[in-house]
There are 2 protein chains.
Amino acid sequence: MPDHARHEENHHRLVIVGGGFGGLYATRHLAKAPVNVSLVDKRNFHLFQPLLYQVASGSLSPGNIAVSLREIVAHQANADVILDEVLDIDPQNQALTLRADEHGHPNTLSYDTLILAPGSAKQYFGNDQWEEHAPGLKTLEDAVRIRRKVLYALECAEKETDPLKQAGWMTFVVVGGGPTGVELAGALSELVHGTMKASFRNIDTCQIRIIMVEAADRILAVFPEDLQQKACQRLEQRLGVTLLTNHRVQSIEPGKVILIHQETQKEILTETVLWTAGVKASPLGRILSERTGCELDRGGRVVVEADCSVPHYPNIFVIGDLANFAHTPNQKPLPGLASVAMQQGMYLANVIQHRLNHQVPPPFEYLDKGNMAIIGRNAAIAQVGDLHLSGFIAWMAWLLVHIFYLIGFDNKVLVTFQWAWNYLTKDRSACLITEQI
Amino acid sequence: MPDHARHEENHHRLVIVGGGFGGLYATRHLAKAPVNVSLVDKRNFHLFQPLLYQVASGSLSPGNIAVSLREIVAHQANADVILDEVLDIDPQNQALTLRADEHGHPNTLSYDTLILAPGSAKQYFGNDQWEEHAPGLKTLEDAVRIRRKVLYALECAEKETDPLKQAGWMTFVVVGGGPTGVELAGALSELVHGTMKASFRNIDTCQIRIIMVEAADRILAVFPEDLQQKACQRLEQRLGVTLLTNHRVQSIEPGKVILIHQETQKEILTETVLWTAGVKASPLGRILSERTGCELDRGGRVVVEADCSVPHYPNIFVIGDLANFAHTPNQKPLPGLASVAMQQGMYLANVIQHRLNHQVPPPFEYLDKGNMAIIGRNAAIAQVGDLHLSGFIAWMAWLLVHIFYLIGFDNKVLVTFQWAWNYLTKDRSACLITEQI
């Protein structure tokens, strides 16, 4: 019999699905509550998604932005981690069906209260076949795949003797002009035009083109217009990124991508297309809707009550990217941001404690901390309420905020050191072409 | 046209195959010589193999022990990196056949002088089918695969309800009692009995067994007997590793391994078998032998002259794990150690410079720096000439030597910090179950 703390027999059973920002913050803020927490995740780690693009561009190692969930809650006696996938939800019997292990039979997990925080996945808008040629950026594996694809393209360009093919290897297309696309394009530009400047003998890295494709008429739609303009300037003038707004992707094939602009086709020869154009809700939303009759929005997100619960099921909550929470002053649903998920997670910890004490919890109120995006070395944009920041000061703010929220003191130190090192030397620490790394 | 330095037209063309210790040290020590160096490797990075077991046991990230070859030689104007695989050697025309890119035709690379330093691969002694169940530890991918297998086994044990199956998930077998096996077993023991002690709720990590299987009658054959005994004591008494010497592996199957001890079969139920029992020479040795008639030893290594050249081919050299260099005081071939490869690499840089100046180079002399192996926290063994060290002082020496030889100042700092952090907290930084990370 293990000598460490185990779940108390008679405690309230809380099951949290998803170890992202929402699930993890809920778990940690219940450390002292008289509940048994089971944190269920398909993966054994919490991933700090905002820095994923830095793994994709060779600045950080996967281990720097991912922390084992077991390690995080090891000393939280009332919490347990279950590495498993949720296949079904049974609200009548208050139980989940888990996949269990590869060889085993499905397993059942009962709950008194359920929090669903499974996040979102990448979305190709009905063209899933594009994924083969245009990796997205949602998982650590995605980031490593992008890193491999980019570095490999440069190696092929270096060896290629046919100028047309060489141009294809030296053209990178980033689809999607949201914060992820902008951050990735900026980091790629600095990788190929800075870090790698002296690394090749046959190709001139100045010739490498980075093209950003955005279907709307502007990039960074969530930001105010003055900051959008600053970001465009920075991308085009300092980072040499070509912005193609009002361009839709019509098809992605080996060696090329075809765009539509004002009903005209445009073909770009490229071996490297990276996809940051959209996310879709976790399939758990659909399952929940089938079992509880709850409403889904167009994006497949669950429309939740003012306390993040599912209508008619006060013991089931949905938070983070899967929740459509529209109890806001302007009735617009909250965006899929880390800070929304974090605040909802902490809020639910509070709700559960209120309920255990037979008190009525207040509704969820989102404290808008604004938006930030980094655009390469020394530059970022940030909007906090009416305050619009850009340039070096926004960049410093971006660094501090990201270090602050990164989980694990060791990771904070490691990432800070690597950023300082990269900044001073323009080197990158993790430019590896690997299959499984 | 790139603005950086390119190969000088009339310079001596040196091709080095392999970016390990031998190839890299030769390259770097020729930085100021009037030669054009082409460093050919299948992988785009130099791997610091002595720390691979720390990636396998979740202490370090792959990026900490691998550095992009392009980055290393970026500012060495006379050197070029070619990411490619050598398919054939044509000594008459002084050319190599390269695979070129996936879609391209094979490519030819001419040389005036050739250095082969391709290293070695893992060896299952005619039972390659074992690899599926028993990963070895030679590449970064191997290390990540072992990490995944070990962590996944613990997760399965935590969920398993059948006690017999659970015992299989909680039994780790390390095949091979050389330094790699000892270091891996020690690190695994500290992972499961230290770091993970508080992480599980259903299993008692004290029940996890680590079994080391060695065919010979003792482990760590290269070390003197007093140090072997110290290592055994440490492994058995402090780290709880079961040593099975005089045990040969008869078969490895899903769920079990069958051993032979004094003609009796012994079955161990285990889901996790790790293979560190042998290495084999690179297949380039056989190709070279077919093309030049050079002698191979039983292990497939090329028997070289006193200057590391191939008999009758003074412009072809073989160094490192592929070389059988027996021009030693006792006529025994040098072992496959990093320090042998490094010294041979530096020696060849010197030979080439002598030849360019029409001087006769001296023969290679190996300066035996001894052997070291770490056996977990605070303990190592080291033999330097007649000096035998063990315990804490040998452990400190091990740490310093490994930090010293690790390539890249940033990696030195990152690894030092992570070691200090792991030492103080017993945490591990990189316990991730990933597919491609």
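## The interface between the chains

In this predicted model, 51 residues of chain A are in contact with 52 residues of chain B. Several elements of chain A each supply at least two residues of the side that touches chain B: the strands β4 (66–68) and β5 (79–83), and the helices α3 (69–73), α4 (140–159) and α11 (409–425). The largest share, eight residues, comes from α4(A). Sorted by class, the side of chain A that touches chain B has 24 nonpolar, 12 polar and 15 charged residues.

## How the two copies are related

Chain A is superposed on chain B by a rotation of 180 degrees, with 0.0 Å of shift along the rotation axis and an RMSD of 0.0 Å. The two copies are thus related as by a two-fold rotation axis. The interface can be described in a similar way: 100% of the interface residues of chain A are also interface residues in chain B, so the copies meet through the same surface.

The domain assignment divides chain A into domain 1, made of the segments 12–42, 84–122 and 280–356, and domain 2, which covers 131–277. The C-alpha centres of domain 1 and domain 2 of chain A lie 35 Å apart.

Helix α1 of chain A consists of residues 21–28, and seven of its eight residues are buried, so this helix is largely enclosed by the rest of the structure. The buried residues of α1(A) are Phe21(A), Gly22(A), Gly23(A), Leu24(A), Tyr25(A), Ala26(A) and Thr27(A).

Strand β24 of chain A (residues 380–384) is mostly covered, since four of its five residues are buried. Strand β23(A), residues 371–374, pairs with β24(A) in the antiparallel sense over four bridges. Within this pairing, Met372(A) has Ala382(A) in β24(A) as its bridge partner. The hairpin of β23(A) and β24(A) has five residues between the strands, and Gly376(A) takes a positive phi near 80 degrees there.

β24(A) also pairs with strand β25(A), residues 387–391, in the antiparallel sense over five bridges. Val384(A) stands opposite Leu387(A) of β25(A). These strands, β24(A) and β25(A), form a hairpin with two residues between them, and Gly385(A) in the turn has a positive phi of about 60 degrees.

## A three-stranded sheet in chain B

In chain B, three strands form an open sheet in the order β6-β7-β8, with antiparallel pairing. The edge strands are β6(B), residues 86–90, and β8(B), residues 107–110, each of which pairs on one side only. On average, neighbouring strands of this sheet are turned by 25 degrees against each other, direction ignored.

Strand β7(B), residues 95–98, is joined to β8(B) by four bridges, and the two strands run antiparallel. At one position, Leu98(B) stands opposite Asn107(B) in β8(B).

## An exposed residue in chain B

Asp226(B) has its place in helix α7 of chain B, which spans residues 225–238. Is Asp226(B) buried or exposed? Asp226(B) has 12 other C-beta atoms within 10 Å, and a residue counts as exposed if that number is 12 or fewer; therefore Asp226(B) is exposed.

Asp226(B) and Ile287(B) are 61 residues apart along the chain, and their C-alpha atoms are separated by 42 Å.

Key. Residues numbered from 1 in each chain as written. Chains lettered and ligands numbered in written order. Predicted model: local features only at pLDDT ≥ 70, side-chain atom pairs only at ≥ 80, totals over all residues. Pairing = 2+ DSSP bridges. Axes fitted to C-alpha atoms, helices over the stretch in contact; angles between N-to-C directions. Contact = placed C-beta atoms within 7 Å. Nonpolar A, V, L, I, M, F, W, Y, C, P; charged D, E, K, R; others polar. Least-squares fit on C-alpha atoms with pLDDT ≥ 70 in both. Domains from an automatic or database assignment. Buried ≥ 20, exposed ≤ 12 C-beta atoms within 10 Å, placed from the backbone.
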